[in-house]
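Colleague: I am new to this structure. Please take me through the terms you use for it, one by one.

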Amino acid sequence: VMEIKVGERAGFCFGVDRAMDFALKEGKESKNSVHTLGPLIHNPQAVDKLKKADIKVIDQIDKVDDGTIIIRSHGVRPSIIEEAEDKDLDIINATCPFVQRVQEKAKQLYKDGYQVLISGDKDHPEVIGILGHTDNQAIVVEELSDCKEVKLKSKVGVVAQTTQSLNKLKKLVDYLLPQISDLKVHNTICTTTGQRQDEAARLAQDMDLMIVIGGYNSANTNRLAEICRENGAITHHIEQADELQVDWFSNIKKIGVTAGASTPNWIIKEVVSRMAEIKQDVEEKETTEESTTL
Ligand code: F3S
């Protein structure tokens, strides 16, 4: 008998789930025109769903004159909220509380006279938002070389982009510790990503086949597929249920399912129910084959 197991941590993280809920609710209930500042999510099917709910994506506040603006989970610089307030837009701030925490820590460090270093990606919207909370005075450290070029002050404070790898944060702290006596480090890495990856690794060790669901352009979904392969499971990365192929499932006993952080729950459900149908077909076929050989 074939067994299908879906990872508990598969799919949307708390922050993205919350932002999607806010947006869809507002799209349904509000008579206003509703906009998100930047795409809420990179999953193509989720983007479609938002479009159908008549939620538009804009890249700058000055592109709208009225209605509602939704701030996505990455957060923004304070000046953007002010700009939206000046224009009298309704603001729904869906900044993930974990991102808000990074913004507040960075702001406090800056206020307390620390030279603020943000361990993260320079072009990432979350980092640009955090930077704005330090009057754009913080230094973004992507690679260690970025901070070797600057003159460090005697008081240094460190925060990290929520999706930063622990390894990179460690490297930065290792470099600073011997030379800075007043060093404050806030480990602001969000644990969801790590937990999802650990779970995928455990599942993959146990299962014959792993189905990984998520956008082909989603970095974290690709990483999940890589982890599953590294842990010994035959792995297929798909975006949608109709990509499942029946022959993947013959002679397979245990199947695990995981999904990237931007994969909506309804897609996971569709995939699992399609798998249940395939499972039934395959099992029926295998029993008939067995009885004919007997
Ligand atoms: Fe998601 Fe918020 Fe963490 S958006 S990855 S729960 S910081």
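Colleague: Which strands form the open sheet with β1, and in what order?

Modeller: This is a predicted model, where local features need pLDDT of at least 70 and side-chain atom pairs count only at pLDDT 80 or more, while totals for chains, interfaces and linings use all residues. Residues are numbered from 1 along each chain as its sequence is written, and side-chain values use heavy atoms, with hydrogens and water left out. The order is β1-β12-β10-β11, four strands with parallel pairing. Strands are DSSP runs of E with at least two residues, helices are runs of H or I with at least four, and both are numbered from the N terminus.

Colleague: What makes β10 and β11 a pair?

Modeller: Two strands pair if DSSP finds at least two bridges between them. β10 (residues 209-213) and β11 have five bridges, in the parallel sense, so they pair under that definition. In one of these strands, β11, Thr 235 is the bridge partner of Met 210.

Colleague: Why are β1 and β11 called edges?

Modeller: β1 (3-6) and β11 (234-238) each have a single partner strand, so one side of each is left without a neighbour in the sheet. Neighbouring strands there are turned by 20 degrees against each other on average, direction ignored.

Colleague: What does helix α8 touch in this sheet?

Modeller: Helix α8 (residues 191-206) touches β1, β10 and β12 (254-259), where contact means heavy atoms within 4.5 Å. The direction of α8 makes about 165 degrees with that of β12. Such angles run from 0 to 180 degrees between N-to-C directions, with axes fitted to C-alpha atoms, for helices over the stretch in contact.

Colleague: Which strands make up the open sheet that contains β7?

Modeller: Four parallel strands, in the order β7-β6-β8-β9. β7 (139-141) and β9 (182-185) are its edge strands, as each pairs on one side only.

Colleague: How many bridges join β8 and β9?

Modeller: Four bridges join β8 (residues 155-160) to β9 in the parallel sense. Val 156 stands opposite Leu 183 in β9.

Colleague: Which residues surround the ligand?

Modeller: Cys 13, Gly 15, Cys 96, Phe 98, Thr 162, Cys 190 and Thr 192 surround the ligand; a residue counts as near if one of its heavy atoms lies within 4 Å.
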